[in-house]
Amino acid sequence: MYPLKESAIFNFQSLLTVILLLICTCAYIRAMAPSLIDKNKTGLLGIFWKCARIGERKSPWVACCCVIMAFSILFLQ
C-alpha cells in the first residue's frame, strides 16, 4: 500500500503556510499592478483583495509570521 499524504487543508502548518503565501502574493501583486486586484472587491475574487489589504495594513505582523514559519519549516521539521 502507498502511504497516505495529508493535503494542506488537513495539515495545520501547511494551511498556515498557504495562507501566508496568499497574503504576501496578493499584497505584492497589488503593489505592482493595482488594477488587477482592485477591480474585484466583492464576490469570490474579493478574497484576493482582502488578502492584499491584510498584507498592506498588517505588514509587520505578516512579516513576523513569515519569519517564524520559515524558521519552523527549516529547523523544526
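Here are my entries, one topic at a time.

**Ground rules.** I am looking at a predicted model, in which local features need pLDDT of at least 70 and side-chain atom pairs count only at pLDDT 80 or more, while totals for chains, interfaces and linings use all residues. I number residues from 1 along each chain as its sequence is written, and my side-chain values use heavy atoms, with hydrogens and water left out.

Entry: I took helices from DSSP runs (H or I, at least four residues), numbered from the N terminus.

Next I asked myself what Ile37 touches, not counting residues up to four places away in sequence. I noted Cys26, Ile29, Arg30, Phe48, Trp49 and Ala52, where contact means heavy atoms within 4.5 Å.

**Entry: salt bridges.** How many salt bridges does the structure hold? I counted three, each being a side-chain nitrogen of Lys or Arg within 4 Å of a carboxyl oxygen of Asp or Glu.

- Arg30 pairs with Asp38, and their closest N and O atoms are 2.8 Å apart.
- Glu56 also meets Arg30, at 2.7 Å from N to O. This pair links distant parts of the chain, with Glu56 in helix α3 and Arg30 in helix α1, 26 residues apart.
- Glu56 meets Arg53 as well, at 3.5 Å from N to O. Glu56 and Arg53 are about one helical turn apart because they sit three residues from each other in helix α3.

I see that Arg30, Asp38, Arg53 and Glu56 are linked in a network of salt bridges.

Is Arg30 buried or exposed? Arg30 is buried, because its relative accessible area is 18%; I use buried for under 20%, exposed for over 50% and partly exposed for in between (1.4 Å probe, protein chains only). Asp38 at 24% counts as partly exposed, and so do Arg53 at 24% and Glu56 at 32%.

**Entry: aromatic rings.** I searched the whole structure and found one aromatic pair. The rings of Phe71 and Phe75 have centres 5.1 Å apart and planes at 50°, so I call the pair tilted. My rule pairs rings of Phe, Tyr and Trp (its six-membered ring) if their centres lie within 6.5 Å; planes under 30 degrees apart are stacked, over 60 edge-to-face and the rest tilted. Both residues lie in helix α4 (residues 59–75), four residues apart, or about one turn of the helix. Phe71 is partly exposed at 47% relative accessibility, whereas Phe75 is exposed at 59%.

**Entry: a surface patch.** Which residues make the nonpolar surface patch of about 450 Å²? I wrote down Leu22, Leu44, Leu45, Ile47 and Phe48. Such patches use residues with over 30% relative accessible area and no salt bridge, joining nonpolar side chains (Val, Leu, Ile, Met, Phe, Trp, Tyr) within 5 Å and like charges within 9 Å. I worked with Shrake-Rupley areas and a 1.4 Å probe, and for residues only the protein chains shown count as cover. Phe48 lies in helix α3 (residues 46–57) and is partly exposed at 34% relative accessibility.

Definitions and conventions:
Helices (H or I, at least four residues) and strands (E, at least two) are DSSP runs, numbered from the N terminus.
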